[in-house]
Amino acid sequence: MDKVIISEGKTTNEAIENGLKKLNVSKNMVDIKVLENEEKRSFFSILAPRVVKVQLTVKEKTENTKKLKKDIILSVEEQEKAKKNVSEFLDSFLDKVSKDTVYKIENDENGLSISIENKDLGFLIGYRGETLYAFQNILSSIASKGIENRVRVILDIEGYKQKRQKSLEDLAEKLAKTVIKTRKSVTLEPMQAYERKIIHNKLQENDRVETRSIGEEPRRKVVIELKRK
């Protein structure tokens, strides 16, 4: 059942902040309903202390929502079909792009993992991996041809993702120290969901700071801030 509290303050923002402290959650984790607004004051109450009331309802955890989505399990036949689809495409595509390219496809019931090795394929990675993720989606569509469910594909080129993960983890630690020192939150530039998850995971055990995501895709960003006491 959702946790609901009524919080008060002299202003709407103060009432919300008081409620967030009681619940020990961040603003993006609650639904907010203003019950009494400071602007709606009658002539007879003008001398009375100003009080704003808001109702805060804690949202269901995203993990619970994710559990409602069933994982797609591929049969052995579907795995082989998906692998064949991608192999035929890559043989043709990479032969035209660069003849020295080597690729490897691993399959299991969850989908395909593809690694491509060629130092000349930086253009397939693009700025911050944007082209790589787009190419990954294309390969997923190709792998799914003739298969009822969409096949999940994880693509890496020249070990980019591993290098990028290390870079983001180092950045997360550095910015966490900055937040602790300055006591001011830091907002990162927009990132892919995969990259935001790296930041969240790296700092989830940090007892001084917390992270949250703000904004809408594809401009969604991570905020690193001091934990509320």
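Trainee: Which ring does the charged end of lysine 161 sit over?

Mentor: This is a predicted model, where local features need pLDDT of at least 70, side-chain atom pairs count only at pLDDT 80 or more, and totals for chains, interfaces and linings use all residues. Residues are numbered from 1 along each chain as its sequence is written, and side-chain values use heavy atoms, with hydrogens and water left out. A charge sits over a ring if NZ of Lys or CZ of Arg is within 6 Å of the ring centre and within 35 degrees of the ring normal. Lysine 161 lies 5.5 Å from the centre, and the ring is that of tyrosine 194.

Trainee: How many aromatic pairs does the structure hold?

Mentor: Rings of Phe, Tyr and Trp (its six-membered ring) pair if their centres lie within 6.5 Å. The count is 4.

Trainee: Are the rings of phenylalanine 89 and phenylalanine 93 stacked or tilted?

Mentor: Planes under 30 degrees apart count as stacked, over 60 as edge-to-face and the rest as tilted. The centres are 5.5 Å apart and the planes are at 10 degrees, so this pair is stacked.

Trainee: Is phenylalanine 135 buried or exposed?

Mentor: Buried means under 20% relative accessible area, exposed over 50%, partly exposed in between (1.4 Å probe, protein chains only). Phenylalanine 135 has 7% relative accessibility, so the label is buried.

Trainee: Which residues do ring pairs link into a cluster?

Mentor: Phenylalanine 93 and phenylalanine 135 have ring centres 5.5 Å apart and planes at 45 degrees, so they form a tilted pair. The cluster is Phe89, Phe93 and Phe135.
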